[in-house]
Amino acid sequence: MSRSRVAWVALPAALAMTLSACGGGGGSTNATDGKDNPDGTVSIYGTEPKSTLFPANTTEAGGGKVTDSLFSRLVGYKTEDGAPYNLMADSIKSDDAKVYNIKIKQGWKFHDGTEVKAKNFVDAWNWAAYAPNAQQAASFFAPIAGFEDVHPADENAKPAKDKMSGLELVGDYEFKVTLNGPTSVFTTMIGYTPFSPMADSFFADPKAAEAKPIGNGPLKFVSRTPNALIKMERFDDYKGEDKVHFKTLDYKIYSSQETAYQDLVAGKLDFMEALPPSAKVGEKYKADLGDAVVTANLLGQSAIAFPQYIDAFKNVKLRQAVSMAINREQITKTVLAGSYVPSTSFVSPGIKGYRADTCGEYCKFNPEKAKQLFAESGFTGKLTIQSNQDGGRKEPLEAACNSIKQTLGVDCEFVGATNFGAFRQIVDGKQLTGMSRSDWSADYPSIENFLNPLYRTGGSSNDSNYSNPEVDALLKKADQTANEDEAIKIYQQAEDLIAKDLPSMPTWNEKGIGGRSKNLLDAKMSFKRQGALESFRVKA
Amino acid sequence: MGRYVLRRLLQLIPVFLGTTFLIYALVWAIPQDPFAGKCGQRPCDPAYIAEMSQKLNLNDPLVIQYFKYLGNLLVGDFGTTFNGVSVGEQIATSWPITLKMGIIALIIEAVIGIVAGVLTGLRKQGFLDNLVLVSTLFLISLPVFVTGFVLRLYLGPQGFDLMDTSVSSDPTFGELILPGFVLGSLSMAYVARLTRSSIVENRRADYVRTAIAKGQPQSRVVGIHLLRNSLIPVITFLGTDLGSLMGGAIVTEGVFNINGIGGLIFRGIQEKEGIMVTGIVTLLVLVYLLMSLIVDLLYAVLDPRIRYE
């Protein structure tokens with residue numbers, strides 16, 4: 001039972017780990033013009049979407065890559081570094097980072113032939129934020145003024161309005177967004193999937209759009225066989241710079257990553273953005289794929305959280321001792337087979353504002369100092385690390401536990417939950433009894449997204465229940481700073497404070513390793529662990 | 001005979017109600033919040049949970065939920081899963097594929113198993129007998145996924161290149177022969193052994209000795225008298241096996257990426273989607289019941305002494 005069963009179980013975890021954004025990168029890619037087949041077919045590894053295919057409802061990888069291909073937003077992200085650029089937006093102007101004047105490009109079309117106008121954005125955002133429409137990503141619209149009216153904090157209250165007061169139409173191709181307060185990251189945020197526009201026909205009949213989504217992206221929806229295939233075709237009227245250079249796209253749904261990998265090697269599947277654990281053992285994929293290995297910097301951060309509601313972890317010396325007792329270098333090389341690198345910071349490398357070594361000596365393996373701090377902490381008893389045990393999560397954490405055990409001479413045990421859902425139930429319910437895996441995958445490429453959800457008091461993914469008024473104040477100040485560079489500086493100050501407190505210890509960063517088949521001349525992967533479709537070239 | 005069949009068919013109704021309720025209650029009792037982990041690293045938005053619970057009747061007590069489900073089922077509505085795809089549609093795409101694979105597996109195990117069983121049963125302790133004994137032992141001790149991976153490796157593009165690594169989204173009979181073989185391999189070994197012991201036992205029966213004494217040719221003695229009587233336990237096994245082949249194909253489906261119902265059930269349990277699990281299990285129960293009815297009727301064909309009134 002083991003292999004295929006493991007892969008089965010791994011799926012939900014893998015899905016939930018990666019959110020999605022990326023519309024594509026800018027400009028045409030290198031030197032394969034002329035030799036490629038512009039009418040070719042590309043097949044990409046997919047998993048069954050877990051929610052309806054509305055942009056504001058697909059917060060997991062399987063559905064996210066589908067809606068990302070179908071919809072384009074105001075802002076796109078460059079494939080290489082995630083830098084935002086104006087995609088559908090003609091200009092985004094603001095003096096105070098609170099009121100934004102957004103002009104959109106003219107002549108863009110939805111797949112049903114109607115033109116994309118400012119009203120499509122305004123209506124779509126209002127629709128997604130409106131509580132009774134039950135969109136998973138509704139809370140992303142919270143910075144917009146009037147969000148409380150359409151989405152009351154109390155889930156049983158009826159929303160007073162169905163439109164946010166902060167969204168105002170100025171003309172056919174222009175609208176004004178007023179936020180609750182200055183938010184400098186807003187211009188980056190609006191590249192995230194939920195901020196897509198929706199066609200007029202969608203509002204007339206959302207149910208029909210569920211079966212056949214109509215977008216404004218580089219690809220249009222053709223057909224879907226549940227659990228097997230999602231078929232798309234190039235949208236020839238597409239105006240964006242992230243046009244695709246092939247005709248048909250098949251998202252082939254696999255239940256087992258292992259099988260998909262076999263298909264990739266055999267040339268039956270063209271692209272995978274992640275490889276199964278068995279291919280990573282001994283770097284087997286290098287022999288299998290040769291120069292068809294595709295890599296990318298990912299927006300992920302693996303960490304182990306110290307829940308602050310557990311008394312023992314209130315002692316900063318214990319937290320530091322444990323962190324210094326983990327031999328990150330060795331674990332990433334051996335157990336993780338080189339597919340991860342040790343992490344030294346609370347932000348993932350490649351993000352604007354990233355600085356190496358913000359965690360300083362506390363994220364470096366130092367047995368002597370660890371022992372000394374541990375003795376000073378006076379901790380007795382047993383340490384545990386909790387996580388879901390499927391999807392290859394168990395092994396590195398067991399190794400971390402062993403490392404702690406050997407260095408500190410304290411008993412350490414891995415406590416596994418059967419799957420991601422069961423594990424998150426424990427974490428969200430604040431029922432942890434020990435340390436816990438706290439991996440984060442950013443929604444959009446910004447340092448803000450690595451700090452606010454994780455370390456702000458009451459943050460949506462603040463697994464360690466960390467609360468430091470100083471950090472909160474700095475984060476708030478940074479959010480409201482209109483100038484991006486200045487804002488980043490303040491975020492960095494907050495990061496430094498967090499590093500001192502060490503509410504969770506950064507462990508490692510995943511290297512994005514995927515692969516393409518020989519049918520593709522070129523394929524790149526984005527920082528969001530998605531194929532950068534505009535870079536795909538099919539062999540003629 | 002007609003009344004017997006009618007009675008058996010009527011019995012399906014209480015069994016159907018009982019099993020659906022049982023399965024529904026069991027899935028309902030899984031101690032996991034269906035929304036846990038659904039929205040990634042962060043908990044789901046309360047408004048989202050409230051709306052979806054409302055939509056999927058998750059707030060009602062178990063019995064009310066069940067009757068609402070049953071009511072929809074009666075008008076042919078299997079309900080929809082979290083991702084808005086109707087369960088009926090998902091079953092409709094997966095069911096024929098699984099059924100195809102199940103039937104292929106059944107044919108393979110029946111043909112090879114019975115032939116091997118008959119040959120070895122007639123020539124006890126010969127070379128062939130020992131060969132089948134060892135090879136069935138081998139098959140029984142191998143987990144299905146090992147058989148699947150090994151065959152895929154050697155027959156796939158990296159080996160003899162006789163097949164693809166996975167089947168297409170709408171597989172043909174040809175594509176399903178190998179997965180069907182893998183799926184049926186274990187039962188094939190059982191069928192061979194069952195047939196063999198049954199043949200060995202019946203060879204000494206009085207009616208066989210009589211047939212031989214009458215001077216009937218060997219082929220008639222074996223083919224008509226001996227085989228027909230010896231097949232009763234084998235048919236019983238094969239009949240119930242179709243159900244388990246269909247529901248238990250999760251591993252084989254995973255190895256060859258077949259979009260079958262085994263995978264649907266597994267995902268349904270994982271995501272705590274009771275309606276998906278109940279829908280499929282109900283259909284499987286019906287398959288079991290119908291197959292056992294067919295098996296019972298076949299007894300009368302095989303053994304003239306058995307009559308149904």
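Start by selecting Met232(A) and showing what surrounds it: leaving aside residues up to four places away in sequence, Met232(A) touches Ser69(A), Leu219(A), Lys220(A), Phe221(A), Val222(A) and Leu249(A). Keep in mind as you click around that this is a predicted model.

Colour by secondary structure and you'll find Met232(A) in strand E9 of chain A, which covers residues 229-234. Is Met232(A) buried or exposed? Met232(A) has 26 C-beta neighbours inside 10 Å, so it counts as buried; the cut-off for that label is 20 or more.

Next, zoom out to chain A and colour it by domain. Domain 1 takes in 72-199, domain 2 is made of 219-296 plus 512-538, and domain 3 spans 300-510. Pick domains 1 and 3: their centres, taken over C-alpha atoms, sit 33 Å apart. Where these two domains of chain A meet, domain 1 puts in 14 residues and domain 3 puts in 12. On the domain 1 side of that contact you'll count six nonpolar, six polar and two charged residues.

Now for a sheet in chain A. Select E4, E5, E7 and E6, which is their order across an open sheet of four strands with antiparallel pairing. Which strands stand at the edges? They are E4 (89-93) and E6 (167-171) of chain A; each has a single partner strand, so one side of each has no neighbour in the sheet. Turn the view to look across the strands: on average, neighbours in this sheet are turned by 20° against each other, direction ignored.

Go in on one pair. E5 (residues 99-104) and E7 (residues 174-178) of chain A run antiparallel and are joined by five bridges. To see one of them, select Ile102(A), whose bridge partner in E7(A) is Phe175(A). Then bring up helix H3 of chain A, residues 118-129, which packs on the sheet and touches E5, E6 and E7 of chain A. The direction of H3 makes about 170° with that of E6(A).

Time to switch to chain B. What does its secondary structure come to? Chain B has 12 helices and zero strands. Its C-alpha atoms fill a box of roughly 85 × 55 × 30 Å along the principal axes, and 39% of its 309 residues count as buried. For contacts in chain B between residues at least 6 apart in sequence, 74% join residues at least 24 apart.

The unreviewed UniProt entry places "transmembrane region" features in chain B at residues 12-30, 97-119, 131-156, 176-194 and 275-302. Residues 97-119 of chain B are 100% helix, with end C-alpha atoms 33 Å apart. Residues 131-156 of chain B are 88% helix and 0% strand, and the end C-alpha atoms there lie 27 Å apart.

Finish where the chains meet. The contact involves 46 residues from chain B and 50 from chain A. On chain B, highlight H2 (46-55), H4 (87-122), H6 (144-155), H10 (250-256) and H11 (261-270), each of which supplies at least two residues to the side touching chain A. Which helix gives the most? H2(B) does, with six residues. Colour this side of chain B by residue type and you'll get 20 nonpolar, 18 polar and eight charged residues.

Conventions
Residues are numbered from 1 along each chain as its sequence is written. Chains are lettered from A and ligands numbered from 1 in the order in which they are written. This is a predicted model: local features need pLDDT of at least 70, side-chain atom pairs count only at pLDDT 80 or more; totals for chains, interfaces and linings use all residues. UniProt positions are given in the numbering used here, feature names are shortened, and annotations may be inferred rather than shown by experiment. A residue is buried if 20 or more other C-beta atoms lie within 10 Å of its own, exposed if 12 or fewer, and partly exposed in between; C-beta atoms are placed from the backbone. Two residues are in contact if their C-beta atoms, placed from the backbone, lie within 7 Å. Domain bounds come from an automatic or database domain assignment. Ala, Val, Leu, Ile, Met, Phe, Trp, Tyr, Cys and Pro count as nonpolar, Asp, Glu, Lys and Arg as charged, and the others, Gly among them, as polar. Two strands pair if DSSP finds at least two bridges between them. Axes are lines fitted to C-alpha atoms, for helices over the stretch in contact, and angles run from 0 to 180 degrees between N-to-C directions.
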